[in-house]
Amino acid sequence: YKKMFLPHLGAQLSIQLGMQVIIPGILFLCMYAFVDAVACLEDEKWPLKRSKKLTRNRRKTILWVALPYLLFMFPKGLIIDPAALEMGLLPTLISHTLSVMFDWWLALAFGTMYLTRIQASASKKAAARSAAE
C-alpha cells in the first residue's frame, strides 16, 4: 500500500484535474494507465514516468479501451446520478454498481495490457540475446 499510494495519488490528481478541461484528462488517463501495475510489479522510484514510457505507442488502443468508461462516467455525475437519486434506492444502487463494474473492468484491462506489453518486451530481449549467442 505504501509503495502504491503516492504514484496512484499523483496519477489520479493529474487525471481528475485534467478532466476539468477534458482533453488533458484523457491524455493523462492514457499516459498513466499502467501506474498501478508498475507500482505493484516493478521496483521503480516514480512509476508515472515508467507508465508514460510504456504507454507511448499504445495510447490510441488505451483510449479505445477506456472509451466505454468515459462515455458512461461523463454524464453519470450530471445526469444519471441525480435522476437515480430522485427515483429511489434501487436506481441509485444500480448506478453505483455500474460505476464499480466499469472501474473494475478498466483496471483489469489496463493490467492485462501492461502484462502483454511487458511479456512482448521480454520476448524481444530474449530473442535478441539468443541471436547474439
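Predicted model: local features only at pLDDT ≥ 70, side-chain atom pairs only at ≥ 80, totals over all residues.
Good morning, colleagues. Read from the N terminus, the elements run α-α-α-α-α-α. With a radius of gyration of 18 Å, well over the 14 Å that the globule rule gives for 133 residues, the chain is more spread out than a compact globule. Along the principal axes, its C-alpha atoms fill a box of roughly 70 × 30 × 25 Å.

Two further figures describe the chain as a whole. Of its 133 residues, 29% are buried.

I turn now to helix 2. How do helix 2, residues 23-31, and helix 5, residues 59-87, pack against each other? Their axes lie 9 Å apart, at an angle of about 115 degrees, and helix 2 passes helix 5 in a right-handed crossing. On the side of helix 2, the contact is made by I26, L29, C30 and M31; helix 5 contributes R59, I62, L63, A66 and L70. By class, this contact has eight nonpolar residues, no polar ones and one charged residue.

An α-helix has 3.6 residues a turn, so residues three or four places apart point the same way.

Which residues of helix 2 are buried? They are G25, I26, L29, C30 and M31. Helix 5 is one of the elements that cover the buried residues of helix 2. The cover also includes helix 1 (2-18), helix 4 (47-54) and helix 6 (89-132).

My last topic is the charged pairs. How many salt bridges does the structure hold? There are two. One joins E42 to R50, with the closest N and O atoms 2.7 Å apart. E42 has a relative accessible area of 14%, and since the cut-off for burial is under 20%, E42 is buried.

The other salt bridge joins K76 to D81, and here the closest N and O atoms are 2.7 Å apart.

Thank you for your attention.

Definitions and conventions: Residues numbered from 1 in each chain as written. Heavy atoms only, no water. Salt bridge = Lys/Arg side-chain N within 4 Å of Asp/Glu carboxyl O. Buried < 20%, exposed > 50% of the residue type's maximum accessible area, 1.4 Å probe, protein only. Axes fitted to C-alpha atoms, helices over the stretch in contact; angles between N-to-C directions. Helix = DSSP H or I, 4+ residues; strand = E, 2+ residues; numbered from the N terminus. Left-handed = near helix turned anticlockwise from the far one by under 90°. Contact = heavy atoms within 4.5 Å. Nonpolar A, V, L, I, M, F, W, Y, C, P; charged D, E, K, R; others polar. Rg over C-alpha atoms; globule rule 2.2 N^0.38 Å.
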